[in-house]
Amino acid sequence: MTTIAKPGASAVRRPSGLSTWYTDGWATTKRNLIKIKRVPDVLVFTTLQPIMFVLLFTYVYEGVIDIPGISYTEFIMAGIFAQTIVFGSTWSGSAMAQDLKNGIIDRFRTLPISHSAVLIGRTNGDLVINSLSMVVMIAAGLIVGWRITTSVWEGLAGVALLLLFGYAFSWVMAFLGMSVRSPEVINNAAFIILFPLTFLSNAFVPSETLPGPLQTFAEYNPVSALVLAARELFGNVPPGYPEPDVWTLQNPIATSLIGIALMLLVFVPLSIRKFGRVSTRS
Amino acid sequence: MSVASSTVEHMAFIEARGLVKRYHVRNAPPVEALAGVDLSVEQGTVRALLGPNGAGKTTAVKVFTTLLVPDEGTATIGGIDVLKRGDEVRPIIGVSGQYAAVDEDLTGLENLDMVGRLYHYPARESRRRAHELIDAFELSEAQNRPVKGFSGGMRRRIDLAGAIFSKPQVLFLDEPTTGLDPRSRMGMWEIIQGLVSEGTTVFLTTQYLEEADRLADAISVIDGGRVIAEGTADELKAQVGGQQIELTVVDPGDAELVLAVLARHGASEPRTSDDGRTFTVGVTEGPRALESTLTELNAVGVRMHDAGMRRPTLDDVFLKLTGHMAETDTAADEPAHERAGAGS
């Protein structure tokens with residue numbers, strides 16, 4: 001064998017902080033992009049599931065749920081967007097748990113990179129997945145009759161708000177992913193926690209139709225604010241829709257932005273700190 | 001290695017003093033995975049940390065590789081404090097953990113290129129080095145196919161290639177051949193020996209006595225979180241006491257007779273093998289003890305397959321030092337207490 005590891009001849013560069021941050025982030029993002037391309041589960045969930053939801057909800061419930069002044073299809077789309085985005089963000093959770101389980105997190109932690117690099121790459125991966133889902137859902141929605149009735153800019157703002165919420169939520173899930181004992185926990189927890197979170201909101205029915213305590217929950221549920229904000233920006237709020245009696249829903253865009261900021265402010269540092277301490281349980 | 005022993009202390013490249021790591025277990029007193037470990041490894045040498053499952057090997061490696069903070073003690077590599085200046089340690093070490101740390105969905109080349117980029121190699125340099133390692137480690141089969149589906153041996157080679165990507169000064173290998181078939185194990189040994197001949201300092205853990213004997217310049221025997229013996233393989237063997245007589249009988253029914261004779265001529269307690277047919281005992285004057293033992297056994301009509309003298313193996317050392325045999329099972333899981341705390 002020719003010399004392959006002679007110490008001292010190393011080409012390791014230690015560039016300044018910002019360019020390191022960029023190249024590390026890109027290297028780990030690239031990893032996740034390759035995985036999206038190669039793992040069928042991800043692509044199926046990313047493209048087929050949103051189509052399925054659009055078709056199921058619009059055709060199954062259209063006849064039973066009557067929203068005065070607007071078609072149920074137009075009412076429901078913001079809800080489907082929000083639910084898909086929230087679920088899309090759980091990839092970060094299961095991926096971090098998987099990395100922890102199979103030992104690759106130890107490899108990353110012994111490389112001369114910042115603690116944030118792997119997390120940035122992972123949450124970027126979710127952003128790409130969610131963007132793909134958005135494109136598919138918008139196309140499916142347009143086919144079944146959903147329309148953005150405001151301007152292009154407001155429509156884009158709505159999409160951006162949804163993606164930003166998903167990105168922030170990815171950091172929450174990444175933290176949880178590193179805190180649980182196995183990837184399965186994350187997948188199960190996602191169903192147990194996220195289904196109520198998205199259904200006990202105004203995503204699929206107006207929250208006023210919910211019984212007492214559930215209505216209160218739905219009014220303060222951040223997903224409700226996100227859904228209503230998207231509805232406003234897409235122009236899908238039914239005419240004569242009652243003015244909400246809580247501040248969070250009277251100002252859904254502000255509430256969503258505050259929620260996004262809070263998630264990032266709390267969970268970005270928490271996740272980075274956690275990453276610096278976890279190691280594969282062998 | 002021809003470094004005079006008097007200078008060893010000053011040349012230490014990897015050094016640990018009084019490492020203690022406790023894991024807290026619910027409803028039980030804390031378990032000490034490391035109970036005061038001192039280690040000192042010279043530059044350019046290979047040190048094996050030899051011990052059974054749960055002895056604290058992985059915990060020790062995790063402390064040196066900045067993955068785990070000990071409760072007490074200090075650790076330095078090349079004079080750099082591992083616990084306080086981990087950022088300066090990481091560029092000079094390479095680590096291959098107990099399980100191959102590769103991304104299964106990426107190809108061999110993509111895995112290595114990612115590692116290269118994270119070592120901040122420029123894109124072209126990273127590719128070139130990745131190809132170089134694929135050639136050197138005979139990984140061309142896994143070059144353009146996702147790692148998923150390749151054998152354990154192949155994965156470990158990719159993992160090892162990642163560990164030496166940046167030509168580190170120190171390479172940490174945690175049980176590099178556990179779970180590999182004999183052929184892959186031999187291949188791995190050759191690779192490691194190649195790296196050593198280029199001057200890389202290697203710190204490896206193993207539960208295989210043969211592996212420690214074959215690869216390492218010096219061996220630290222660890223049991224229950226403590227280093228209980230240290231030295232070259234020969235020095236350790238000498239601790240057990242010079243020579244041994246080994247007899248294999250035809251009829252295991254003769255055991256009592258043989259043990260009685262051996263007890264009379266040996267200098268230590270005679271031992272019986274698992275199958276009950278081979279007996280060993282330490283002796284002071286080998287040839288004479290063997291001769292008189294055989295004469296006596298012939299006289300009482302014990303028939304033998306084999307009789308002879310042998311030098312003690314590391315197995316003997318292990319038994320002598322720990323009071324139990326080394327476990328050599330291939331399932332390398334550390335015990336529950338190591339699993340419990342490592343995540344937080």
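This is a predicted model: local features need pLDDT of at least 70, side-chain atom pairs count only at pLDDT 80 or more; totals for chains, interfaces and linings use all residues.
1. Start with the overall make-up of chain A. Taken along the principal axes, the C-alpha atoms of chain A fill a box of roughly 75 × 35 × 35 Å.

2. Now pick out helix H3 of chain A, residues 72-88, and look at how it sits against helix H7 of chain A, residues 152-179. The two pack at an angle of about 25 degrees, and their axes are 8 Å apart. Angles under 35 degrees count as roughly parallel, which is why H3(A) is described as roughly parallel to H7(A). The crossing of H3(A) past H7(A) is right-handed.

3. Which residues meet where H3(A) touches H7(A)? On the H3(A) side, look for A:Phe81, A:Ala82, A:Ile85 and A:Val86. Across from them, H7(A) brings A:Leu162, A:Leu163, A:Phe165, A:Gly166 and A:Phe169. Sorted by class, this contact has eight nonpolar residues, one polar and no charged ones.

4. H3(A) also packs against helix H8 of chain A, residues 183-199. Here the angle is about 155 degrees, with the axes 10 Å apart. H3(A) passes H8(A) in a right-handed crossing.

5. For the residues in that contact, H3(A) supplies A:Gln83, A:Val86 and A:Phe87. H8(A) supplies A:Ala190, A:Leu194, A:Phe195, A:Thr198 and A:Phe199. The tally by class is six nonpolar, two polar and no charged residues. Keep an eye on A:Val86: it is listed in the contact with H7(A) and again in the contact with H8(A).

6. Next, zoom out to the two chains together. How many residues does each chain put into the contact? Chain B gives 53 and chain A gives 46. Between them the chains bury about 4,400 Å², with 58% of that on carbon and sulfur atoms. On the chain B side, B:Leu118, B:His120 and B:Glu198 lose the most area to chain A, and together they make up 18% of what that side buries.

7. Finally, check the charged pairs across the interface. Chain B and chain A share seven salt bridges. One to find on screen joins B:Glu110 to A:Arg38, where the closest N and O atoms are 2.7 Å apart.

Conventions: Residues are numbered from 1 along each chain as its sequence is written. Chains are lettered from A and ligands numbered from 1 in the order in which they are written. Side-chain values use heavy atoms; hydrogens and water are left out. Axes are lines fitted to C-alpha atoms, for helices over the stretch in contact, and angles run from 0 to 180 degrees between N-to-C directions. Helices (H or I, at least four residues) and strands (E, at least two) are DSSP runs, numbered from the N terminus. A crossing is left-handed if the near helix is turned anticlockwise from the far one by less than a right angle, and right-handed if clockwise. Contact means heavy atoms within 4.5 Å. Ala, Val, Leu, Ile, Met, Phe, Trp, Tyr, Cys and Pro count as nonpolar, Asp, Glu, Lys and Arg as charged, and the others, Gly among them, as polar. Buried area is the accessible area (1.4 Å probe) that two parts lose on being put together, summed over both. A salt bridge is a side-chain nitrogen of Lys or Arg within 4 Å of a carboxyl oxygen of Asp or Glu. Angles under 35 degrees count as roughly parallel, over 145 as roughly antiparallel, 65 to 115 as roughly perpendicular and the rest as oblique.
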